[in-house]
Amino acid sequence: MGDYDEETAFLGQIGPFFWLTFFLLNTVFVSTGFNGLYIIFAGAAPKHSCLVPDVNLTEEWRNAIIPFTTVGDEAVQSQCSRYNLAAVKNLSDQGYIPGRDFNLTNLPLEGCLDGWNYSKEVYQSTIVTEWNLVCDNQWKVPFASSTLFVGYLFGSLISGQLSDRFGRKKVVFISLGAQSLSVLLQSFSQSWRIFCVMFLFVGASQISIYISAFVLGTELLSKTMRVLFTTLGAFLFYCIGYMTLPWIAFGIRDWRTLLAVLSATSVVYIPLWWFIPESPRWLITQGRVMEAEVIVRDAARKNKVQAPSVIFRESEVEEIPPGKKYTMLDVLKSSKLRCITLMCLLLWMAINIGYFGLSLNTSNLSGNPFLNCFLSAITEVPAYIVSSCLLRKCPRRVILSTFLVIGGGVLLLIQFIPDTLHYVALALEMTGKFGFTMAFTIVYIYTAEIYPTVLRNVGMGMCSSAARIGSITAPYVIYLGTYNKVLPYILMGSLTIASSVVNFFLPETFNKDLPETVEQMQECHGFCGRSEKKKYFQNGASRNRPILQEKPEVQTLSL
């Protein structure tokens with residue numbers, strides 16, 4: 001394939017075709033925003049206590065049968081136990097008054113043998129209330145959340161291959177249909193197991209939408225519009241969906257109805273099939289040059305420019321001799337690559353644990369869960385804008401470590417905030433979310449700048465897999481809050497601070513040319529870098545002779 005950008009330069013950098021494609025593709029990301037995190041509300045656990053069956057008990061004993069436990073400094077009713085019903089009924093029949101005639105602490109305890117009473121103050125129905133996912137079954141909620149991220153892992157592995165084979169546009173719209181159908185079928189789940197299985201398909205189809213639409217946009221848009229699309233467009237429209245979710249959930253408090261409504265929103269994307277074209281770049285690689293020309297000529301007509309009589313030369317379809325295929329095994333052959341990759345994997349995992357941990361934790365915060373979720377979403381908007389500006393002017397290591405420290409530091413401070421100041425704790429949590437979102441955005445481009453062209457896809461793929469492992473782990477980190485509410489914050493905060501230290505051992509890439517080969521990669525700092533240099537000089541390399549005799553064509557990763 002020749003230089004596509006050069007061949008289509010007559011289209012200009014902006015125009016009606018590019019703007020229309022930009023907005024239509026970005027609307028697709030809205031669906032990933034509200035379909036990705038509805039488990040916050042569908043899996044919320046309302047206040048609950050043991051159900052007391054309709055037996056002959058006095059009002060005093062019916063009110064006293066649930067024991068009190070101490071949570072922090074507050075005495076609350078137990079959610080998982082009650083006093084033995086037979087013993088309480090016997091005392092009630094004998095006319096004893098609880099607390100006056102009989103010491104309640106002498107009564108034996110038992111589990112919630114008859115089920116639970118759930119508060120309907122906030123939610124009418126969730127998967128927790130429907131399948132009693134509390135007490136001994138409480139672990140099933142984070143497990144259900146993790147199945148979504150396992151689906152992300154599978155979807156990210158296959159979506160690229162599918163779009164390379166069948167086309168970007170087809171995969172985007174097939175994935176939209178699959179996501180809608182999966183969410184709809186999930187709303188009819190008759191058991192927790194079926195819910196989890198359908199969540200796998202939701203995750204796989206959703207990440208496939210994101211990746212395929214992202215690739216389609218980068219291949220369809222001009223260089224100028226491509227920068228806007230990749231740095232702000234996709235992220236901001238995802239945020240619009242994320243911010244819309246709590247208001248939809250606020251109006252629909254039943255989880256089945258909520259999921260059915262969310263699945264129906266995909267219907268609005270059907271007309272886009274006739275407005276979003278296939279990638280001409282992909283069509284050319286498939287030898288379908290005439291189809292690619294039709295799309296480019298239509299773009300010229302919409303941009304009101306004159307297209308040349310021949311757009312793509314015959315050389316466009318000539319086969320390029322394949323070069324060496326690099327795999328994950330090549331990463332293990334060099335200590336430099338091993339060290340850099342290990343540190344990148346730790347960074348991606350820590351950032352994803354923090355990001356998704358805070359996103360999923362909004363329903364557990366004090367105050368209105370719908371408002372908390374909205375605030376968590378809206379915090380991401382300035383983060384994406386600020387990070388895009390900083391990436392143009394600031395060193396990568398400094399800004400990434402700075403926002404990792406901000407994100408992790410405030411999480412460690414939350415444990416010292418008294419329960420009465422829940423607004424202060426909420427503000428700190430939103431500040432942490434801002435820091436993690438900034439780090440989330442920066443680490444993408446930083447990693448792409450570190451790896452050489454021949455290993456960039458492999459490196460990014462490995463880091464993406466580590467990110468999925470981090471997101472799969474995040475629900476269980478939040479689950480630790482059932483034992484002690486500060487444990488998730490201590491774990492996420494400590495892990496983030498540690499990753500900010502690791503980040504300083506990575507090479508700086510700001511204002512540096514993108515490496516093309518492994519030899520052009522910068523050395524990492526510390527022990528790994530010294531060992532690699534020592535090995536190099538032991539092999540007879542001259543200290544006064546540069547490693548590369550010829551400077552390759554310069555590449556830069558623009559923002």
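This is a predicted model: local features need pLDDT of at least 70, side-chain atom pairs count only at pLDDT 80 or more; totals for chains, interfaces and linings use all residues.

Trainee: Which hand does the disulfide of Cys-50 and Cys-112 have, and why?
Mentor: Left-handed, because the torsion about the S-S bond of Cys-50 and Cys-112 is about -65°.

Trainee: And where do Cys-50 and Cys-112 sit in the chain?
Mentor: In distant parts of the chain, 62 residues apart. Cys-50 is in strand β1, residues 48-50. Cys-112 is in the loop between β5 (109-111) and β6 (116-118).

Trainee: Are Cys-50 and Cys-112 buried or exposed?
Mentor: Cys-50 is buried, and Cys-112 is buried too.

Trainee: How many disulfides does the structure hold?
Mentor: Two. Another joins Cys-80 to Cys-135, S to S 2.0 Å. The link of Cys-80 and Cys-135 is left-handed, with -100° about the S-S bond. That pair also links distant parts of the chain, 55 residues apart. Cys-80 is in the loop between β3 (74-77) and β4 (81-83). Cys-135 is in the loop between α6 (127-131) and α7 (140-166).

Trainee: Is Cys-80 buried, exposed or partly exposed?
Mentor: Partly exposed, because its relative accessibility is 35%, which falls between the 20% and 50% cut-offs.

Trainee: What about Cys-196, buried or exposed?
Mentor: Buried, with a relative accessible area of 5%.

Trainee: Back to the loop between α6 and α7. What is the phi of Cys-135?
Mentor: Near 55°. That is a positive value in a residue other than glycine. Most residues other than glycine have a negative phi.

Trainee: New topic: aromatics. How many aromatic pairs does the count come to?
Mentor: The count comes to 31. Take Phe-22 and Phe-23: their ring centres are 5.2 Å apart and their planes are at 85°, so the pair is edge-to-face. The cut-off for that label is over 60 degrees.

Trainee: How exposed are Phe-22 and Phe-23?
Mentor: Phe-22 counts as buried, at 5% relative accessibility. Phe-23 is partly exposed, at 41% relative accessible area.

Trainee: What about the rings of Phe-23 and Phe-237?
Mentor: Their centres are 6.4 Å apart and their planes are at 65°, so that pair is edge-to-face. Phe-23 lies in helix α2, residues 16-36, and Phe-237 in helix α10, residues 223-251. So the pair ties together parts that are 214 residues apart in sequence. Phe-237 counts as buried, at 17% relative accessibility.

Trainee: Which residues form the aromatic cluster?
Mentor: Trp-19, Phe-22, Phe-23, Phe-29, Tyr-210, Phe-214, Phe-229 and Phe-237 form one cluster.

Trainee: And on the surface, which residues form a nonpolar patch?
Mentor: Leu-20, Val-267, Ile-270, Trp-273, Trp-274 and Phe-275. Together they have about 650 Å² of accessible area. Trp-274 lies in the loop between α11 (255-264) and α12 (280-285). Trp-274 is exposed, with a relative accessible area of 65%.

Trainee: Last one, the whole chain. What does the secondary structure come to?
Mentor: There are 22 helices and six strands. Of the 559 residues in the chain, 51% are buried. The accessible surface comes to about 26,500 Å², and 62% of that belongs to carbon and sulfur atoms.

Trainee: And the contacts?
Mentor: Among contacts in the chain with a separation of 6 or more, 81% are between residues 24 or more positions apart.

Conventions:
Residues are numbered from 1 along each chain as its sequence is written. Side-chain values use heavy atoms; hydrogens and water are left out. A disulfide is a pair of cysteine sulfur atoms within 2.5 Å. Helices (H or I, at least four residues) and strands (E, at least two) are DSSP runs, numbered from the N terminus. Buried means under 20% relative accessible area, exposed over 50%, partly exposed in between (1.4 Å probe, protein chains only). Patches are made of residues with over 30% relative accessible area and no salt bridge: like charges are joined within 9 Å, nonpolar side chains (Val, Leu, Ile, Met, Phe, Trp, Tyr) within 5 Å. Accessible areas come from the Shrake-Rupley method with a 1.4 Å probe; for residues, only the protein chains shown count as cover. A salt bridge is a side-chain nitrogen of Lys or Arg within 4 Å of a carboxyl oxygen of Asp or Glu. Contact means heavy atoms within 4.5 Å. Rings of Phe, Tyr and Trp (its six-membered ring) pair if their centres lie within 6.5 Å; planes under 30 degrees apart count as stacked, over 60 as edge-to-face and the rest as tilted.
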